[in-house]
Amino acid sequence: MKLKDTGLTAQDIKDKVNKYMIETYERFDFLAETAKGMYIYDENGTPYLDFYAGIAVNSAGNCNEKVVAAVKDQVGDIMHTFNYPYTIPQALLAEKVCTTIGMDKIFYQNSGTEANEAMIKMARKYGVEKYGPHKYNIVTAAKSFHGRTFGAMSATGQPDNACQIGFGDMVPGFTYAPYNDLQAFKDACTENTIAIMIEPVQGEGGVNPATPEFMTGLREFCDEKGMLLLLDEVQTGWCRTGAVMSYMNYGVKPDIVSMAKAMGGGMPIGAICATEEVAKAFTMGSHGTTFGGHPVSCAAALAEIDELLDRDLAGNAKKVGAYFMEKLKELPHVKEVRGQGLLVGVEFDGLSSVEIKHACLDRKLLVTAIGSNIIRMIPPLIVTEAECDQAFAILKEAVEEVAAK
């Protein structure tokens, strides 16, 4: 929908949002009307260089032509049905995902937090049914982020975060241990622990990649104790980190993995994949969804995944990500640059990341701030080194402006 077709002004749209919507976001003060490739455009056609990608969603580029065509084609056939009849996009996507990432079974959801809810439920049910009524505890990481529904929120290891404050008691059954501290995770496990659940790269926690020793050590420990390894790849999955799934960078395989974001190329979809044995925990009536496996979202996901794989965007993420992270070290006031592929974080020494974010927005670059001093960048995986140079130049100006205050 274009602004010119509504008879309204951009300010009219902002006023309606302010009047009618419950706001939990800090809005960027521009109207996003169209998008293509590496750019989002306002109502005047002003381009904004997109190093946000809808929060790691539009990995094959904004409004990728093949994804758009798949959506249009599927909408004309069947837009929605319940999950009793078979549908073609569901079946084809299930095969594509499972064979590509080496897992046995898939269950569709609508989002990342729902995928993590399903993963938690499957692990707990598996533990209770196999080992007894108390075998449902899960150890997660401090500074983790797994979503905003109650199970996923309770799994999130940030008790002082706004996502947990004010909602009363969290769901019991979760213990937290410091990320990348293998011994602390081992010590946190008890006879009632059924699983360890982590992000291969912490996103909201500050862009912290798992060390190889930590990841392989967790897999070995879970195997030794008969526990499950659960990997939250909602943000890291589907080529973001230089491999199709981040766990492939470590040479390990999870028992259950969650995914969303990039999977749908802009359409809402999430999923979990599990091994044959663990997937048996879900039986008739134990879990369900009205919109999960939506035909249009599945058609979009098929097209998106084909684009990611056929264009080797994991390879581009690895190559361009390494270039970009090395370049970012040249920024003034940088404390550390870290990340994996094109999930990149820059920690600044004594500068406000929120102020830097807004200074970038003034210069038509979209980035996000984490905490008080970290800028996170998750551009579409089609990004080039030249566009990284452009983003670097804007960031440098923004940092210098904030430092001069």
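Tutor: What follows looks at one pair of helices and then at the cysteines. Please keep in mind that this is a predicted model. Helix 3, which covers residues 65–75, packs against helix 10, which covers residues 295–310, and their axes lie 8 Å apart at an angle of about 155°. Angles over 145 degrees count as roughly antiparallel, and helix 3 and helix 10 are therefore roughly antiparallel to each other. The crossing in which helix 3 passes helix 10 is right-handed. On the side of helix 3, the contact is made by Lys 66, Val 67, Ala 70, Val 71, Gln 74 and Val 75, while helix 10 brings Pro 295, Val 296, Ala 299, Ala 300, Ala 303, Glu 304 and Glu 307.

Turning to the cysteines, you will find zero disulfides in the structure. Cys 63 is in no disulfide, and the nearest cysteine sulfur, which belongs to Cys 239, is 20 Å away. With a relative accessibility of 42%, Cys 63 counts as partly exposed, because that class lies between the limits of 20% for buried and 50% for exposed. Cys 273 has its closest cysteine sulfur in Cys 98, at 4.4 Å, which is too far for a bond, because a disulfide needs the two sulfur atoms to be within 2.5 Å. Cys 273 has a relative accessibility of 0%, so this residue counts as buried.

Conventions. Residues numbered from 1 in each chain as written. Predicted model: local features only at pLDDT ≥ 70, side-chain atom pairs only at ≥ 80, totals over all residues. Heavy atoms only, no water. Axes fitted to C-alpha atoms, helices over the stretch in contact; angles between N-to-C directions. Helix = DSSP H or I, 4+ residues; strand = E, 2+ residues; numbered from the N terminus. Parallel < 35°, antiparallel > 145°, perpendicular 65-115°, else oblique. Left-handed = near helix turned anticlockwise from the far one by under 90°. Contact = heavy atoms within 4.5 Å. Buried < 20%, exposed > 50% of the residue type's maximum accessible area, 1.4 Å probe, protein only.
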